[in-house]
Amino acid sequence: MIKNFGINLNNKEMGRDIKTFHKLIFGDSENMRELEVGSVHLVITSPPYFNAPFDYPDLYKTYDVYLDKMRKVAKEIKRIMVKGRIVCIVCDDTLVKGKKYPVVADLTKIYIEAGLNYRDKIIWIKPEGYIRISRRSGVVLQHPYPMYFYPDNIQETILIFQNGEFDYRSIPQEIRENSKINLREYQEKKWYLTTWNIVNVLPLKTRLENGIAAFPDEIPSRLIKLFSYEGETVLDPFMGSGTTNKVSAQLRRNSVGYEIDLELAKIVKEKIDSRQNDLFEKDYEVEIIIRDDAKPLRNQLQNKVKTQKSVAKNVQRNSRRA
Ligand SMILES: C[S@@+](CC[C@H](N)C(=O)[O-])C[C@H]1O[C@@H](n2cnc3c(N)ncnc32)[C@H](O)[C@@H]1O
C-alpha cells in the first residue's frame, strides 16, 4: 500500500541527492487499490482516445461504455488525491467512422461530478505538418464551394482540475526553494499562455512508442514543474509507454503508473531506464506489479489498425479503377 512517498527526501550535505521510487502497476485503473486515500500530489494522464482508428479501434463497445470507464477512474483519482492538488487530463474530441465525439466536454463534466474543481484549460498546438489522420481540409480543394469545410486537427486539450483549496503554507521553505520554477524557461517558452506550442511524438515504427499515442516529454515536464514539489508523487492512471514516470524520475518526483496492457511492460521499463546516465549512480528504484486484470492488447489492436488500413487502401484503389 502506498502511503506517501513525499517524505523520501534523502538530502546529502552536498546538494540534493534524492532517490525516487516508481511503482508501475499492470492492471485496470478503475481500481487503484495499491494507493491510499490522499497519497498522490499530481495526476498527469492521457486516457485512451475513444476508439481512435489508429490506436484503439473498437476497444469500447459504445461511447457510453467508454464514459462509464472514465467515470470510475475519475472517482478513484478523487479518492487518492492530496487536498488542494492538481489533475491534468490530456484529451481530445475523437472522430470515429465520420462521427465526432465530444470527449473534452464529457470528461470536463465527469471530473466536476467526481468532486474536483475545474481550474483551467490549455490548448496544446502541434506543428502543422504533424497530422496523423488524413487531411480533411483537402475536400474544399476538390469542391471549392460552401459546406465542404472540415478543418485539419492540430490541437489537443489539457484539462486542469483541482482537489479543493491548496494550503501554500503547508510546504517547507527548503522544498519550495528546491522546486523553484525557472522563470527564464517560463518566459521564453511562453508557459504563461493558454496555448502551448509543442512538437508531438509521431508513433513511427522505429520508436519505442509505436502504436501507443504517447505525449512528448515536454508536456509532463511543464506540468510537473508547475504543479508539484520535489519528492512528491505523480500518478499516471493510463501510463502507456511511461512518459510521465520517466519525466518524474528526471525531475526528482516519485511516480505511480497504471497500465492495462501487459505487452507494454517491457517498453515502460526501457523508457524509464533510458533516463539512466552511466556517469551517475542510479538514483531511482522501479517496482513492477502485475495484477490479474492486466491483459495483452497492443498487438491485437495494431493488427486491427493494419487490417483497416489495407481495407481502406483497397477501397481507394477500386474506386479509382471504377
Ligand atoms: C493515450 S495512451 C497513454 C500514453 C502515455 N501518455 C504515453 O506517453 O505513453 C492510453 C493508455 O491507457 C491504457 N489503458 C486503457 N484503458 C486502461 C485502463 N482501464 N486501465 C489502465 N490503463 C488503460 C492503454 O492501454 C494505453 O496504453
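Strand 1 (residues 20-26) is largely enclosed by the rest of the structure, because 6 of its 7 residues are buried. This is a predicted model, with a mean pLDDT of 88 over the chain and 86% of the residues reaching 70 or more.

**Strand 1 and its partners**
- Strand 1 runs parallel to strand 11 (residues 284-290), and 7 bridges join the two; within this pairing, Phe 21 has Glu 285 as its bridge partner.
- Strand 1 also runs parallel to strand 10 (residues 254-259), to which 5 bridges join it, and here Ile 25 stands opposite Tyr 258.

**Ligand surroundings**
- Among the 21 residues around the ligand, those that come nearest are Ala 214, Phe 238, Gly 240, Ser 241 and Thr 243.
- The shell around the ligand is made up of 10 nonpolar, 5 polar and 6 charged residues.

**Helix 7**
- Helix 7 spans residues 243-250 and is mostly covered, with 7 of its 8 residues buried.
- The buried residues of helix 7 are Thr 243, Thr 244, Asn 245, Lys 246, Val 247, Ser 248 and Ala 249; Thr 243 is also one of the residues that come nearest to the ligand.
- After helix 7 comes Arg 252, which has a positive phi, near 60°.

**Confidence**
- Over residues 6-15 the pLDDT stays under 50, and for this stretch the model has 16 contacts beyond four places in sequence.
- Where pLDDT is low, predicted coordinates should not be read in detail.

Definitions and conventions. Residues numbered from 1 in each chain as written. Predicted model: local features only at pLDDT ≥ 70, side-chain atom pairs only at ≥ 80, totals over all residues. Near = placed C-beta within 6 Å. Nonpolar A, V, L, I, M, F, W, Y, C, P; charged D, E, K, R; others polar. pLDDT = per-residue confidence, 0-100. Contact = placed C-beta atoms within 7 Å. Buried ≥ 20, exposed ≤ 12 C-beta atoms within 10 Å, placed from the backbone. Helix = DSSP H or I, 4+ residues; strand = E, 2+ residues; numbered from the N terminus. Pairing = 2+ DSSP bridges.
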